[in-house]
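Please find below a colleague's note on the coordinates you sent, written as numbered points. Each point takes up one topic and can be checked against the atoms as you read.

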There are 4 protein chains.
Amino acid sequence: MAGSGGFREECGIVGVWGHPEASNLAYLALYALQHRGQESAGVVSTDGSSLWVHKGMGLVSDVFDQQVLARLRGSGAIGHVRYSTTGATHLRNAQPFVVGHRGGGLAIAHNGNLVNAHLLREELEGRGSLFQSTMDTEVIVHLMAASSRPSTRERLVEALSQVKGSYSLVLLTERGLLAARDPHGFRPLVMGRRQEAVVIASETCALDLIEAEFLREVEPGEILEVDSRGLRGYKAFRAEKHQCVFELIYFARPDSQVFSRNVYQVRKAMGRALAREHAVDADMVVPIPDSGVPAAIGYSQESGIPFELGLVRNHYVGRTFIEPREQIRHFGVKVKLNPVRGFMEGKRVILVDDSIVRGTTSRKLVNLVRQAGASQVHVRISSPPTIGSCYYGIDTPTREELIASCRPVEEVRDFIGADSLGYLSLEGIREAVGGKAGEFCMACFTDDYPVEVPLEKPVHQLSLFQEM
Amino acid sequence: MAGSGGFREECGIVGVWGHPEASNLAYLALYALQHRGQESAGVVSTDGSSLWVHKGMGLVSDVFDQQVLARLRGSGAIGHVRYSTTGATHLRNAQPFVVGHRGGGLAIAHNGNLVNAHLLREELEGRGSLFQSTMDTEVIVHLMAASSRPSTRERLVEALSQVKGSYSLVLLTERGLLAARDPHGFRPLVMGRRQEAVVIASETCALDLIEAEFLREVEPGEILEVDSRGLRGYKAFRAEKHQCVFELIYFARPDSQVFSRNVYQVRKAMGRALAREHAVDADMVVPIPDSGVPAAIGYSQESGIPFELGLVRNHYVGRTFIEPREQIRHFGVKVKLNPVRGFMEGKRVILVDDSIVRGTTSRKLVNLVRQAGASQVHVRISSPPTIGSCYYGIDTPTREELIASCRPVEEVRDFIGADSLGYLSLEGIREAVGGKAGEFCMACFTDDYPVEVPLEKPVHQLSLFQEM
Amino acid sequence: MAGSGGFREECGIVGVWGHPEASNLAYLALYALQHRGQESAGVVSTDGSSLWVHKGMGLVSDVFDQQVLARLRGSGAIGHVRYSTTGATHLRNAQPFVVGHRGGGLAIAHNGNLVNAHLLREELEGRGSLFQSTMDTEVIVHLMAASSRPSTRERLVEALSQVKGSYSLVLLTERGLLAARDPHGFRPLVMGRRQEAVVIASETCALDLIEAEFLREVEPGEILEVDSRGLRGYKAFRAEKHQCVFELIYFARPDSQVFSRNVYQVRKAMGRALAREHAVDADMVVPIPDSGVPAAIGYSQESGIPFELGLVRNHYVGRTFIEPREQIRHFGVKVKLNPVRGFMEGKRVILVDDSIVRGTTSRKLVNLVRQAGASQVHVRISSPPTIGSCYYGIDTPTREELIASCRPVEEVRDFIGADSLGYLSLEGIREAVGGKAGEFCMACFTDDYPVEVPLEKPVHQLSLFQEM
Amino acid sequence: MAGSGGFREECGIVGVWGHPEASNLAYLALYALQHRGQESAGVVSTDGSSLWVHKGMGLVSDVFDQQVLARLRGSGAIGHVRYSTTGATHLRNAQPFVVGHRGGGLAIAHNGNLVNAHLLREELEGRGSLFQSTMDTEVIVHLMAASSRPSTRERLVEALSQVKGSYSLVLLTERGLLAARDPHGFRPLVMGRRQEAVVIASETCALDLIEAEFLREVEPGEILEVDSRGLRGYKAFRAEKHQCVFELIYFARPDSQVFSRNVYQVRKAMGRALAREHAVDADMVVPIPDSGVPAAIGYSQESGIPFELGLVRNHYVGRTFIEPREQIRHFGVKVKLNPVRGFMEGKRVILVDDSIVRGTTSRKLVNLVRQAGASQVHVRISSPPTIGSCYYGIDTPTREELIASCRPVEEVRDFIGADSLGYLSLEGIREAVGGKAGEFCMACFTDDYPVEVPLEKPVHQLSLFQEM
């Protein structure tokens with residue numbers, strides 16, 4: 001169950017150019033991308049002469065209201081939602097990141113992670129650069145500032161040629177909007193149109209909400225530019241596709257098109273493949289809501305075993321749930337999910353989830369289902385065992401915390417208390433995902449990292465100042 | 001789709017007696033009952049000498065924190081979540097309602113609606129009673145105060161013998177906890193145990209979360225009393241069951257036991273009956289999430305047509321969504337639900353929902369599914385046409401606003417733009433619900449009201465003071 | 001220094017009738033009366049058919065804004081500011097107090113203290129009355145409700161005939177405004193006009209701000225009524241004047257007319273009398289700002305010794321000052337007042353204050369002035385030694401805490417570390433105040449209480465419920 | 001009346017080094033300096049390895065609480081209070097300003113105004129510098145970053161050698177504290193000790209509150225450095241004193257020592273000189289509180305005309321006062337000041353104020369006093385006519401708005417409606433202030449600016465981004 005203390009997406013981004021209510025569209029798009037980050041939200045707009053900025057901690061609906069949106073003037077805008085990886089989260093690190101640069105303003109919103117940011121930062125500080133945040137994103141802007149190239153786009157290209165890692169980004173000045181995706185295409189980025197307006201977003205569900213037509217993906221290595229002269233695409237870097245397979249397994253919304261695939265159907269295909277690889281005689285297929293639902297439907301359809309919503313989710317559980325005091329705490333997963341009692345009495349249940357991270361949540365869920373009377377609990381996971389951390393924009397536990405990193409499947413099964421446990425194979429996932437072999441980054445399953453990660457991470461640098 | 005500007009539950013209640021962390025348990029139970037009211041929340045506890053009160057506007061998680069819970073001392077507590085029917089919602093009308101009464105404190109939390117409250121209030125005011133709120137609940141306390149009976153329980157019985165309508169309530173003094181359910185049993189009320197502690201709650205999902213064992217329903221017409229002398233039940237009024245069938249159709253959580261029935265299974269049975277009554281040749285069964293899911297599963301299982309999650313819900317849509325300005329507004333249901341594009345291309349889709357209220361939401365959903373490419377859209381509703389308002393504790397539109405109140409099914413079908421439309425019949429719902437005929441209130445389908453509603457409603461009385 | 005942890009006024013009130021922006025005027029008047037209570041503020045208005053209520057914790061400027069005022073509709077309004085005597089302050093006890101009563105609304109705002117409230121409450125609860133607050137004010141409303149008299153005014157008279165203690169109050173219904181002052185006239189209450197509108201307020205400074213003309217005091221024992229039939233006064237109770245002399249010494253604003261006297265000039269006269277009674281050779285007269293300023297000016301003018309602002313007040317000290325941690329705390333009075341250094345070097349300083357309560361603040365001030373270099377510090381107090389608590393609407397320490405209650409002046413002088421200490425005599429204050437002997441309550445100086453206080457105060461009654 | 005819509009100080013600063021509760025001391029010092037800026041407050045502390053930052057909008061008491069102070073760890077700290085000159089005030093421009101710089105953190109708090117900031121910024125941006133705020137202060141940090149000098153102090157000197165205008169500043173790194181004052185010494189800066197700890201502050205009143213001993217002023221052109229090696233002073237720039245005379249007239253607290261002078265006594269001396277220059281036969285001298293009080297005392301003592309507190313200030317008027325709607329607005333100065341009625345009836349009143357800015361406030365005050373019955377109103381101003389704007393750290397209206405900039409005294413007198421009007425002469429103020437001729441900046445009186453202001457102010461640069 002990737003979302004429960006496991007894997008977390010770090011960001012969602014949007015860019016709008018050429019619409020009289022650009023900031024409104026950006027706001028709505030962020031609403032649709034809220035699943036990609038719930039900690040801070042921000043929009044920067046431009047009316048051609050100034051940049052207008054609003055950022056805040058919390059959900060999109062907490063950060064924005066009518067008044068704020070009315071003040072975010074102009075026909076260009078970018079936006080960002082963020083989940084931060086550390087406890088020390090604060091407004092200083094909220095995006096879009098805004099600076100004054102060569103007589104104008106420049107705002108940037110970034111989804112991804114630059115693995116050599118600390119090295120570049122050390123170098124830049126040595127040359128006298130001043131950093132205002134601890135975000136890797138800031139490095140890009142400093143590299144742009146150091147460039148002697150004449151245009152913003154060329155400075156962006158020069159900056160990006162020095163960074164390593166993952167980035168899908170949008171960049172706004174008073175004069176135009178730029179979008180860029182790293183050569184590996186780790187994170188998704190799509191382009192659409194709403195009448196004359198160009199819209200860039202992390203996922204197509206954002207386009208759907210604002211009734212923009214999906215045109216195509218921003219290609220790996222491509223840079224898009226849109227301004228008064230129209231929209232241009234540039235092949236800035238040679239593509240070498242390593243798209244994050246976990247976007248398809250868990251992160252992206254099932255109603256999105258991601259990496260030219262329909263997420264819901266890919267997940268169903270994973271469930272079908274799982275049913276073929278790990279068949280078992282049982283009375284019902286029960287998903288872990290909500291991420292396990294499409295795979296469970298696929299499993300049910302392939303196996304013919306009825307699909308049942310045996311675990312019900314409490315939709316009012318937010319990040320603010322207060323655990324009560326000692327004696328009655330440890331409600332954990334129960335606050336979120338409750339089994340339908342009686343109904344599973346004496347039944348053989350297949351529980352379908354997208355992944356197992358630490359194993360503790362899965363153990364509680366298996367236990368819940370047993371307490372609800374199930375005679376057997378068979379766990380089926382619609383991805384291979386997760387054995388490695390991600391360095392390309394996903395917040396993951398360390399390798400040591402990943403239960404499958406050093407234990408055989410049988411031990412995991414015993415730990416979570418299931419009668420049987422089946423993971424989808426690498427072949428199974430490749431088949432479900434389709435396309436050419438090697439187009440996807442599966443480093444967290446294979447330990448084969450497409451971009452090398454510099455060894456030492458001088459963490460002290462990143463905690464220069466702590467804002468409260 | 002009962003929840004979209006349609007029917008709304010007005011309250012959830014809980015009572016705990018005999019647990020050292022009573023207020024914590026009450027808080028958790030309210031968390032599980034949050035779907036019954038999202039506007040205000042309150043807990044009153046007692047340590048035997050004082051009542052400790054905390055109420056606030058907003059979700060349970062907004063209103064309470066560790067500090068507040070720590071100050072709600074003692075081993076007895078009651079709690080309440082509320083959805084208010086009018087725009088003028090304010091803290092004054094938040095419950096539990098607390099008064100000083102014969103040298104002690106008295107707190108009451110009420111789910112239901114007293115149809116003769118205004119008449120009783122007029123009479124009480126004429127005799128010199130002072131009202132501090134506009135809640136019908138306050139009438140009960142005044143009638144108790146006017147009673148000359150020696151015990152709190154007897155005063156409560158005397159008060160309840162004068163009111164008409166629906167009530168499931170809990171009442172707390174420094175010395176004990178009382179629970180009462182009206183003779184018709186309109187609203188649910190269950191009893192459980194957690195070790196020595198007695199727990200009363202609107203639904204069993206609240207017992208599940210705090211790991212209390214479900215014992216039985218509080219019977220229609222019954223009064224429970226628990227204090228230092230233990231737990232006693234009294235048959236105070238002769239039962240005449242008219243349990244609200246909409247609790248089973250829509251309001252209660254699917255993982256609850258309500259009216260001695262498993263809600264999930266009843267809803268699936270409704271879906272199965274619906275499939276038998278309104279079969280149609282189609283490619284997929286798609287629920288309106290989340291309330292339509294169990295009926296859709298039932299429909300799919302009975303018909304053999306595959307169940308698909310073709311509409312995806314945005315879980316971050318809260319009550320605070322800000323509609324943007326004129327030009328791009330009217331996103332309405334799109335903010336909440338988005339179809340899985342491509343996947344329904346050229347397909348015949350059966351949309352399953354629990355009810356149609358005004359018809360406007362259904363129309364938008366049918367349109368969304370058509371835009372996503374469906375060649376046919378067949379709407380199936382797991383309850384009969386709603387033709388009457390509720391006076392027993394549910395917030396409903398007026399009769400004039402109910403689309404089915406004065407139009408034949410064909411006109412409704414045309415209004416929502418479906419290829420076909422089928423409602424579950426009265427016989428179908430009775431069969432799905434089971435039990436004796438007449439045990440359920442179906443007034444909103446049949447116009448046959450089990451408790452007469454006094455004609456004139458002197459509204460001015462209820463707007464005596466408006467708090468801001 | 002009455003205000004520093006010493007004596008505190010409990011309330012200020014206002015009533016407006018016959019002005020299209022009644023709530024705005026009430027709000028402004030409360031602004032002018034803010035010194036009489038800083039803990040909560042409230043306004044209730046009426047448009048003839050409803051009462052509109054807004055109350056909140058904090059200063060008037062925190063509680064109200066344009067939007068709230070716009071919603072407080074109608075041409076009649078009453079308002080209240082409150083300082084509460086206990087730590088457990090909460091919105092429930094904020095005034096105006098509002099109830100539904102005989103088919104209408106009724107709001108009341110009260111300045112004063114009813115010494116037999118607990119006895120009346122016990123009796124009323126015994127007869128079945130329900131109390132919603134712990135305020136003595138609520139008793140008045142219950143007594144009115146119990147009355148069988150036909151008009152609101154007559155019911156008010158009947159209620160007030162049963163209470164003992166102090167009250168200046170305003171009462172609002174949809175149909176009119178009432179004002180009443182107890183027969184002793186303990187607390188001030190004045191009447192003015194702004195064009196057609198009638199304005200009632202605690203002090204004339206409130207009339208000044210809203211440009212209402214001061215007409216006269218509401219007389220002790222008088223009841224005023226204003227409605228569509230105009231303004232009438234009723235001598236409801238025989239007056240027996242015992243006006244609170246501390247209003248003139250400390251509480252009222254110096255720019256107010258109170259008890260038909262100009263407060264600033266009375267205070268100056270006290271200072272002059274003090275100079276005559278306790279002359280001393282010195283270099284400068286320094287007031288404790290702000291309350292000691294008028295008496296110090298009087299002292300300076302009478303003695304010919306120069307007046308100097310030797311202690312400077314920090315105007316930004318609010319109630320929210322956070323004392324830092326252990327090592328550097330105890331800044332106490334230094335946060336509020338700082339001496340002008342150097343300037344007092346080697347000088348003989350006369351410090352003038354209005355009163356000494358516990359003595360601890362005076363001790364710190366004397367010490368501050370010595371540290372600033374003063375060679376002698378002579379303390380002069382513009383009132384007699386305070387030896388008794390107040391039961392008529394002032395929050396005072398207990399008798400035991402009053403330093404002068406059991407110690408001769410020499411001991412007080414030694415405690416505060418002054419070279420000499422002089423209090424104004426009873427004769428001196430009578431002369432400064434003027435008027436007939438016995439017209440003023442001086443119980444806190446003489447221990448001669450004009451209204452008997454029932455012995456036992458059943459405190460438990462008043463802590464029935466604790467709101468957080 | 002400088003403070004009423006007229007002149008406003010822009011900042012107060014503090015630095016503490018060598019105290020275990022450095023942030024607590026900084027917080028208290030800011031409390032004492034609150035009059036120098038009420039819009040935002042911030043403290044940055046260091047424990048030798050990190051900088052800890054907290055900033056917020058509002059008063060010191062709003063921005064800080066115990067928890068925040070506890071987290072601002074370490075024995076070094078700097079703090080800042082700010083009043084911003086523009087409507088668009090936001091947290092981004094709150095100080096201290098913090099950046100990452102050559103592998104460490106650097107925080108700076110600045111009082112003053114750099115007149116060539118926009119030119120330097122343009123140049124720096126042209127070389128690729130990125131600006132995160134619109135504050136001139138940021139330029140200093142960029143110039144430091146561009147310097148190749150080895151130590152922070154030397155880089156600061158190099159940066160300051162390029163800026164023109166006024167600065168009193170403190171600068172904190174993990175390793176030490178620096179303080180600097182511009183060669184003109186426009187703004188005050190003092191140094192004190194509390195045991196081993198070194199304290200730097202804008203005024204001595206801050207030292208008083210934290211019981212630090214005043215040692216001396218930081219000299220114009222001097223740089224102080226304190227770290228583990230102790231305290232050193234450097235004459236970095238040749239002093240050319242032009243101290244702001246308005247600090248003595250109005251800004252500084254009367255209990256402060258500023259520019260080696262006792263502010264209270266200087267103001268009294270101004271009042272005495274004013275009495276000599278503009279004698280008039282009258283009954284009382286009334287100050288405009290609070291800033292006019294010392295001069296009024298001086299005037300009274302010199303002239304022998306009694307000092308009276310004829311205008312009373314409402315101490316609860318904050319920045320949040322809400323003007324009510326159309327009909328009854330324009331209360332303006334009445335909300336703040338109210339005359340003592342009756343008392344001035346038929347009297348000849350001398351009103352003493354520190355300055356006249358636009359004249360509108362003075363006009364209202366004269367009118368108020370007349371309405372209170374004064375037969376004559378003579379206005380006396382304890383400074384010369386203000387004819388020029390300030391470019392050295394004071395927020396002033398434009399020259400066009402200054403009533404005295406283009407009108408003779410008689411016209412100003414007529415405008416404000418006084419019987420007579422007298423300003424203190426330049427000679428009078430020089431004499432009252434004392435010291436050498438030319439040691440003070442009197443540009444706002446003489447139009448003789450000691451530091452040239454570059455002509456065009458490219459305002460657009462400073463509004464690059466607007467945060468909401």
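The points that follow go from the interface of two chains to single residues.

1. The model is a predicted one, and local features are discussed here only where pLDDT is at least 70, whereas totals for chains and interfaces use all residues.

2. The contact between chain D and chain C involves 64 residues of chain D and 64 residues of chain C. About 5700 Å² of area is buried between chain D and chain C, and carbon and sulfur atoms account for 56% of that area.

3. On the polar side of this interface, the rule finds 20 residue pairs in polar contact across chain D and chain C, with both residues of each pair at pLDDT 80 or more. Several elements of chain D give two or more residues to the side that touches chain C, among them the helices α3 (66-71), α7 (204-209), α9 (263-277) and α10 (293-303), together with the strands β20 (311-313) and β21 (337-339). The largest share of that side of chain D, six residues, is supplied by α1(D). By residue class, the side of chain D that touches chain C divides into 32 nonpolar, 17 polar and 15 charged residues.

4. Four salt bridges are found by the rule across the interface of chain D and chain C. In a salt bridge between D:Asp208 and C:Arg341, the two side chains meet with an N to O distance of 2.9 Å.

5. How is chain D placed relative to chain C, in terms of rotation and shift? Chain D is superposed on chain C by a rotation of 180° with 0.0 Å of shift along its axis, at an RMSD of 0.0 Å, and the two copies are therefore related as by a two-fold rotation axis. Within chain D, the C-alpha nearest the axis belongs to D:His315, at 3.6 Å from it. The same surface serves both copies, since 100% of the contact residues of chain D recur in chain C.

6. Two cis peptide bonds in chain B deserve a look. B:Gln95 and B:Pro96 are joined by a cis peptide bond with omega of about 0°, and B:Pro96 lies in the loop between β5 (76-82) and β6 (97-101) of chain B. A cis peptide bond also joins B:Pro289 to B:Asp290, with omega of about -5°, and B:Asp290 is located in the loop between β19 (284-287) and α10 (293-303) of chain B.

7. Positive phi values in residues other than glycine are the next topic. A:Phe259, which is not a glycine, has a positive phi of about 50°, and this residue lies in the loop between β17 (257-258) and β18 (261-262) of chain A. Is A:Phe259 buried or exposed? A:Phe259 counts as buried because its relative accessibility is 1%, where buried means under 20%. In chain C, the phi of C:Ser260 is positive and near 60°, and C:Ser260 is found in the loop between β17 (257-258) and β18 (261-262) of that chain. C:Ser260 counts as exposed because its relative accessibility is 55%, the cut-off for exposed being over 50%.

8. The last point concerns a polar side chain in chain B. B:Asn111 belongs to strand β7 (residues 104-114) of chain B, and B:Asn111 counts as buried because its relative accessibility is 0%. A polar atom of the side chain of B:Asn111 lies 3.4 Å from the backbone oxygen of B:Cys11.

Key: Residues numbered from 1 in each chain as written. Chains lettered and ligands numbered in written order. Heavy atoms only, no water. Helix = DSSP H or I, 4+ residues; strand = E, 2+ residues; numbered from the N terminus. Buried < 20%, exposed > 50% of the residue type's maximum accessible area, 1.4 Å probe, protein only. Polar contact = N/O pair within 3.5 Å; in protein donor to acceptor, adjacent residues only side chain to side chain. Contact = heavy atoms within 4.5 Å. Buried area = accessible area lost by both parts, 1.4 Å probe. Nonpolar A, V, L, I, M, F, W, Y, C, P; charged D, E, K, R; others polar. Least-squares fit on C-alpha atoms with pLDDT ≥ 70 in both.
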